[in-house]
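Please open the model in a viewer and keep the selection panel at hand.

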Amino acid sequence: MKILIVEDEIQLAKSIRQYLQRESYLCEIAMNIEEGRKMMDNFTYDCILLDINLPGGSGLTLLKELKLDKKMDGVIIISARNSVEDKITSLKLGADDYLSKPFHLAELSARIEAVIRRRYLNGESELFFQDLKIDTLARMVFIRSEDVNLTKTEYELLLFLFINRGRVITKNAIAEHLSGQSAMYLDNFDIIYAHVKNLKKKLLSMGNCIKTIYGTGYKFSE
Amino acid sequence: MKLLHYTSYRYFLFTALLTLISIPIFYVSLSKVFVGSIDKDLRQQAREIPTYMGAIKSEQDLALWKALDNDLNIVPADSSDFSPKPFTIKKKLPFKDESEDFRVLQKQVDILGKKYIVDIESSLIEKEDLIRTILSIQLGILFLLLSGAVLINYFINRKIWKPFYDCLYSLKQFNIEHALTDEPKELRIQEFEQLNQSIHVLSVRVHQAYFSQKEFIENASHELQTPLTVLKFKLELLLQDRQLTREQGELIADMYREIEQMQELNNNLLLLSKIENGQFVNSETINLVDIIEDVKDELSLLAESKLQHVKVRYKLKDIILPSSNKILLKVLIKNLLLNAIQYSAVEADIWMYAASGYLKVSNPGRPLEIPEEEMFKRFGRNSCSQKGNGLGLSIVKAIAQYNSYNISYEYISGLHNFKLQWN
């Protein structure tokens, strides 16, 4: 999978690249409008991360050009928080998703995965891992074709961990994924612990696929 | 007391006092002048008596004279005291009930060889009448003068102080967001001119200071955003290291959490600046019910972590807010609910009630430890044990003001009640 990161802050871009490269993603970085335009013209990407505020103009211009060229690259807009106009304009212009800063890398990778799944798996809404099947359309989970009854929170949790499989996900990132910006108001992460515990219990027949990384968070792996 | 009333009142007191003092002085001097003139008259008559004497040739003549002249009283010299100066006596007239004042001058005369004392009398009754008339005229004039002076003084003062009141009005209207735009008017009175100039200069300076402070906060928050995000990303990457020990992992997770707090603080400051700079457009028609449901959903994990229940009642199926801003309204309601969750004990019930004109959020809790006015101020939190950055309610207030909504707080029988009113 090829990803283009159009972002003027080199440190941000590098961190994103480093995080995503652990997967099978191949990341390229463009640091301004011109560079971004050139790369988008010459190559096709599975997903483009587009910052709005760029030296030389708005990232949305690139999005417009991309759509005029009838290109099918998936686009996730990254922008400053709370600018609802940007969000609406981006989605109207045909962006697949919109992420406002600050975000967690785990969240970003979940969004990228979702975009790619939507675009390229052509309605293929089922995810597989060993005996586990997640039907993202029906929001159902099966182990060896047997329905696992999960609560809404548990389902979201599993999906988030699954998409970020192989990586350590902090309790912060999980809490924020489940509850938005209010996660920082949690006195402790007991609630996350409780949900993970319940989820583990329900997935017991899968073996220990959700590992607790003491002090930091959880990891979904074989 | 108003300045105008103060000066008018003083002026009135002074003139009234002057009038009161002047009346007895006036009376005394007037009656002195009058008595003096009567005395002069009496002396003149006394001087003329010897000329009448010549006409008295017999005892009968004397008796006749006595009988005819009422103003004269002739008694033998040995039967009465003699006083060379005129004096006042009280005498009862035969046809009147009251006694009246008379002025008497005595003169010794020889009639037919015998010594007599002649009392020349003049009634003072006219004096009383005259003084009364003069006094009442005088009082009338004084009263007219007094009221005239007070009125004139009032109107003149009012005109004089007008620039002062104008200035006061413009100060009351002063809003730190906007400097006084009109140049100060040219005024005749130097002091007022200077006052206006000073206020104008002051307002411009205050506005500039406020503006640059705001700009500073906004720039600082904006500039902090990227380094904070980079820092967070790096820590998230560091966490992926398989070699990490448990202690190292915990350290990183703690740092990570602190950075999150900083970012939230930063975002809130930025949001406040943006609201104050009017960078949001109020043009959306919003269904409050949707927003509340969204917010409730977002905060459900937080409420769940404290085993609390958020109970919402709607009076209507749809509660429509015209010309508002969805993002801001959501932030407002989220902060209200967040505040309620944070300041309620474990297992508490939090109530929200939405009607067509207002939204009420109630949560149980102990009374405030800080004054109510402090509550909506930045960093004015009730206790230090709470998470969060102390900006939540000031954001609520800023958004309410931005939308011309009214936010109020009440503590009734163990419940903290926040009420947001619109229209």
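How much area do chain A and chain B bury between them? In this predicted model, the two chains bury about 4200 Å² between them, and 58% of that area lies on carbon and sulfur atoms. The size of an interface is often given as the accessible area lost when the parts come together.

Begin with chain A by itself. Chain A holds eight helices and 14 strands. It has 222 residues, of which 55% count as buried.

Next, display both chains and select the residues in contact. This selection contains 44 residues from chain A and 43 residues from chain B.

Now select Lys152(A) and Asp297(B). Their side chains meet in a salt bridge, with an N to O distance of 3.5 Å. The count of salt bridges between chain A and chain B is one. Across this interface there are also twelve residue pairs in polar contact, counted with both residues at pLDDT 80 or more.

Then colour the helices and strands on the side of chain A that touches chain B. Elements that each supply at least two residues to this side include helix H4 (84-92), helix H5 (105-120), helix H6 (152-163) and strand E12 (168-170). The largest share, six residues, comes from H1(A).

Finally, colour that side of chain A by residue type. Its residues divide into 19 nonpolar, 15 polar and ten charged.

Conventions
Residues numbered from 1 in each chain as written. Chains lettered and ligands numbered in written order. Predicted model: local features only at pLDDT ≥ 70, side-chain atom pairs only at ≥ 80, totals over all residues. Heavy atoms only, no water. Contact = heavy atoms within 4.5 Å. Buried area = accessible area lost by both parts, 1.4 Å probe. Salt bridge = Lys/Arg side-chain N within 4 Å of Asp/Glu carboxyl O. Polar contact = N/O pair within 3.5 Å; in protein donor to acceptor, adjacent residues only side chain to side chain. Helix = DSSP H or I, 4+ residues; strand = E, 2+ residues; numbered from the N terminus. Nonpolar A, V, L, I, M, F, W, Y, C, P; charged D, E, K, R; others polar. Buried < 20%, exposed > 50% of the residue type's maximum accessible area, 1.4 Å probe, protein only.
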